[in-house]
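Subject: Structure handover

Hello,

Here is the structure I said I would pass on. My notes on it follow below the display.

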Amino acid sequence: MSAVWTESENTAATASADAAPQRLKIERETHKLEKRLCREVGRAIVDFNMIEEGDRVMVCMSGGKDSYGMLDILMKLQQRAPIRFELIAVNLDQKQPGFPEHVLPEYLGKTGVPFHIENQDTYSIVTRVIEEGKTTCGLCSRLRRGILYRVADELGATKIALGHHRDDILQTLLLNMFFGAKMKTMPPKLVSDDGRHVVIRPMAYVAEKDLVRWAQHREFPIIPCNLCGSQENLQRVQVGEMLREWEKKFPGRIENMFSALQNVVPSHLLDGTLHDFKGLKPTGVASEQGDKAFDPESFVAPSPAGLNIVAV
Ligand code: SF4
């Protein structure tokens, strides 16, 4: 009996000695993650002048990891920002079957942030109006948008913050190219389609994987996003998988694609409304940016093994 005690005590002692460095490592990693999230959100806010002195920011909460993460980080930044601004969290309860309506009010109540729950049964409208088997997202999101704009007016919100992140932005870019024949995506800041509100995306620089880890660490009470019974957009799912696959196989590719969105060269694309191709004349001045005629461009890209490959 005493041997068992000794053994367990020894095992426990070894386990706790092993656990201590492991715990420290996790704490360090979490601290780094928090710093990175705050830095990226702060950088996006500054780069696009998203939040200004005296703003009242309506933070749209769906109950998913992205919106919880957005509110959490904005609350941290609010404490240390050089400007004064207000946050008000808003959730639209669309009365989808099984929606756990107590979850968000309980969570938001604990955070101390002012919040508003808007109850509007759009689910019944959508299921009544749209034929069975047809996609419901078009009408559903139109109704949701209209309600959120009205709520923003009623609350006196000067900005509407959405939780879309870097990976949403890249997915949307590719979807627009593949299916919409347009090179555009979700912008970090834009006037709403009714022309009356400014919509901001403070998570624009944040990688989705960081939000997944942050949600796990903070143990957010995530509400499932499939309660409406609508199929997830298959194309978006596929493009998301493709990007994740690329990230694994070609480290750096996602970052480069995202940086490309901030480095657009209209003279090297084909849109005549962005660059005056028709009126082009020789300048007589040599320029690195000029056309190199038959010389193909070469690229140095990181390979999976970390070797540099020159692609021509
Ligand atoms: S997935 Fe469901 S909740 Fe989301 S827009 Fe479509 S119908 Fe509405």
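In which helix does Cys137 lie? Cys137 belongs to helix H5, which runs over residues 137–155. Please keep in mind throughout that this is a predicted model.

**The ligand and its surroundings**

Cys140 is found in helix H5 as well. Is Cys140 buried or exposed? Cys140 has 20 C-beta neighbours inside 10 Å, so it counts as buried; the cut-off for that class is 20 or more. Cys137 has 15 such neighbours inside 10 Å and therefore counts as partly exposed. Leaving aside residues up to four places away in sequence, Cys140 touches Thr122, Val126 and Cys228.

Which residues surround the ligand? They are Thr136, Cys137, Cys140, Ser141, Cys228 and Ser230. By type, this shell holds three nonpolar residues, three polar ones and no charged ones.

An unreviewed UniProt entry marks Cys137, Cys140 and Cys228 with the feature "binding site". Those positions span 92 residues in sequence, but no two of their C-alpha atoms are more than 9.8 Å apart, so they gather at one spot.

**Other UniProt annotations**

The unreviewed entry also gives a "short sequence motif: PP-loop motif" at residues 62–67. In that stretch the chain is 50% helix and 0% strand, with 6 Å between the end C-alpha atoms.

A further UniProt annotation, again from an unreviewed entry, is "domain: tRNA(Ile)-lysidine/2-thiocytidine synthase N-terminal", listed for residues 57–220. Here the chain is 48% helix and 16% strand, and 21 Å lie between the end C-alpha atoms.

**The nonpolar core**

Which members of the largest nonpolar core touch the most other members? Out of its 40 residues, they are Met58, Val59, Cys60, Ile160 and Ala161. Helix H2 (residues 65–80) gives the most to this core, namely five residues.

To see what such contacts look like, take Met58. Not counting residues up to four places away in sequence, Met58 touches Ile88, Val90, Ala152, Leu155, Ala157, Lys159, Ile160 and Ala161.

**The two domains**

The domain assignment divides the chain into domain 1 (32–249) and domain 2 (250–262 + 294–312). Note that domain 2 is listed in two pieces. How far apart are the centres of domain 1 and domain 2? Taken over C-alpha atoms, the separation is 31 Å.

Where they meet, eight residues of domain 1 are in contact with seven residues of domain 2. On the side of domain 1 that touches domain 2, the elements giving two or more residues are helix H6 (166–180) and helix H8 (234–249). H8 supplies the largest share of that side, four residues. Sorted by type, the residues on this side of domain 1 are four nonpolar, one polar and three charged.

**A loop residue**

Last, there is Ser267, located in the loop between helix H9 (253–260) and strand S7 (299–302). Why does Ser267 count as exposed? Ser267 has 12 other C-beta atoms within 10 Å, and a residue is exposed if that number is 12 or fewer. Ser267 and Gly290 are 23 residues apart in sequence, and their C-alpha atoms are 9.3 Å apart in space.

Regards

Note on methods
Residues are numbered from 1 along each chain as its sequence is written. This is a predicted model: local features need pLDDT of at least 70, side-chain atom pairs count only at pLDDT 80 or more; totals for chains, interfaces and linings use all residues. A residue is near a molecule or strand if its C-beta atom, placed from the backbone, lies within 6 Å of it. Ala, Val, Leu, Ile, Met, Phe, Trp, Tyr, Cys and Pro count as nonpolar, Asp, Glu, Lys and Arg as charged, and the others, Gly among them, as polar. UniProt positions are given in the numbering used here, feature names are shortened, and annotations may be inferred rather than shown by experiment. Two residues are in contact if their C-beta atoms, placed from the backbone, lie within 7 Å. A nonpolar core is a set of buried Ala, Val, Leu, Ile, Met, Phe, Trp, Tyr and Cys residues joined through C-beta atoms within 7 Å. Domain bounds come from an automatic or database domain assignment.
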